[in-house]
Amino acid sequence: MKKLYQLLLDRWNQKTDTVLVTIVEGNGSVPRTTGAYMVVAKNGRIYGTIGGGNLEYQAVKKAMELAGTAAHYVENFDLGTGENSELGMVCGGRVKVLFYSACAQDPGVGEFLKEALAAADEGKPYWLVLPFSEGTPRIRREITEGRGHCRILEENGQKIYAEEFCYDGRVYIFGGGHLAQELVPVLSHLGFWCMVLDDREEYTDHALFPGVQETKTVDFTALSQILEVKPEDYLVVVTRGHRCDDDVERFALRTPASYIGVVGSKRKTRYVREKLASEGFTEEELDQVYAPIGIEIGSETPAEIAISIAAQLIQVRADKTGMRREKE
């Protein structure tokens with residue numbers, strides 16, 4: 001969301017009118033679920049997607065009409081192919097789409113976007129509130145009404161859409177080799193906060209990891225003196241060898257991290273597991289580790305393995321936040 005807020009603010013500062021288009025409700029089979037966003041200007045879509053196809057085409061057309069007006073607009077789209085359908089899409093579901101016109105002449109838009117950016121930077125949970133009919137979006141710290149991280153509520157006589165954004169933790173990547181160099185740009189693009197740690201200074205050069213937040217040269221045997229891992233954090237172990245992996249995995253198992261993944265072959269995984277078990281770690285503790293790391297997609301190259309790891313982190317993140325959609 002930070003990138004979306006920044007883009008909207010940049011356009012507002014440039015006196016460019018935009019429209020924030022949001023799916024606020026979805027039923028049945030739909031290409032994107034509640035909370036999908038895109039930004040449209042008078043000349044078309046400039047960021048994000050609500051699912052593509054005719055739905056997005058029609059939504060972009062409507063947003064282009066609304067750009068520069070003071071209007072809020074809500075429209076229901078039928079994605080089916082039946083007699084009463086509107087879009088002729090095979091999905092068959094229905095979505096409610098909210099159009100919020102971010103007028104360049106409205107000072108309230110700039111104030112809201114600065115507040116939203118500050119909330120995204122702070123790393124604490126917050127709610128984004130979008131009004132259906134009038135008024136400016138708001139950032140709120142808590143909403144007690146309704147259920148779920150995406151809600152349609154009624155306040156002061158009008159409907160609002162409220163979505164919760166939670167701090168999802170940091171990804172600590174131990175090892176700065178080729179795999180980490182492929183992984184960090186992917187994770188950064190997916191909205192993960194990344195830090196790379198290695199015991200070799202040449203492998204903690206910031207320039208090697210586009211999108212990385214921080215790098216640090218460390219002693220893998222002294223990580224407990226350096227890091228304070230939180231329950232929402234992810235630990236990715238991709239060091240240069242099993243000796244370093246042992247040190248990092250030993251540290252990781254003593255943290256409350258929500259995810260611990262270790263790269264390596266099944267043989268190496270078994271060796272490290274047996275070694276740590278001999279040191280007193282229980283089967284239950286060792287079962288917390290994703291090893292070999294990543295989703296099985298037949299990956300071989302560092303770039304392919306990076307995609308399998310990123311996919312697994314997406315899966316874990318979705319499970320943690322309750323946003324994962326049921327497959328039909």
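This is a predicted model: local features need pLDDT of at least 70, side-chain atom pairs count only at pLDDT 80 or more; totals for chains, interfaces and linings use all residues.
In soluble globular proteins, nonpolar side chains tend to be buried together.

L128 shows what such a position touches. Leaving aside neighbours within four places in sequence, L128 is in contact with M1, Y5, Y37, F112, R138, I139, Y161, A162, E163 and F165.

## Helix α6

Helix α6 covers residues 266-278, which makes 13 residues. From its first C-alpha to its last, α6 reaches 18 Å, close to the 18 Å expected at 1.5 Å a residue.

The buried residues of α6 are T269, V272 and L276. Seen down the helix axis, these buried residues fall within an arc of 70°, so they line one face of α6. An α-helix has 3.6 residues a turn, so residues three or four places apart point the same way. The buried residues of α6 pack against α5 (242-252) and α7 (283-286). On the other side of α6, K266, R267, E274 and S278 are exposed. After the helix comes G280, whose phi is positive, near 115°.

## Salt bridges

The whole structure holds 14 salt bridges. Side chains of opposite charge can pair when their charged atoms come close. One of the bridges joins D198 and R200, with the closest N and O atoms 3.0 Å apart. D198 is buried, at a relative accessible area of 1%.

Another bridge joins R240 and D199, with the closest N and O atoms 2.6 Å apart. R240 lies in the loop between β13 (234-237) and α5, and D199 in the loop between β11 (193-198) and β12 (214-217), so the pair ties together parts that are 41 residues apart in sequence. D199 is partly exposed, with a relative accessible area of 30%.

## A link between α5 and α6

D246 forms a salt bridge with K275, the closest N and O atoms being 4.0 Å apart. This pair links distant parts of the chain, since D246 is in helix α5 and K275 in helix α6, 29 residues apart. D246 counts as buried at 4% relative accessibility, while K275 counts as partly exposed at 28%. Both belong to a network of salt bridges that links D246, D247, R250, K275 and E279.

How values were computed:
Residues are numbered from 1 along each chain as its sequence is written. Side-chain values use heavy atoms; hydrogens and water are left out. Contact means heavy atoms within 4.5 Å. Helices (H or I, at least four residues) and strands (E, at least two) are DSSP runs, numbered from the N terminus. The expected span of a helix is 1.5 Å times one less than its number of residues. Buried means under 20% relative accessible area, exposed over 50%, partly exposed in between (1.4 Å probe, protein chains only). The arc is that of the directions from the helix axis to the C-beta atoms. A salt bridge is a side-chain nitrogen of Lys or Arg within 4 Å of a carboxyl oxygen of Asp or Glu.
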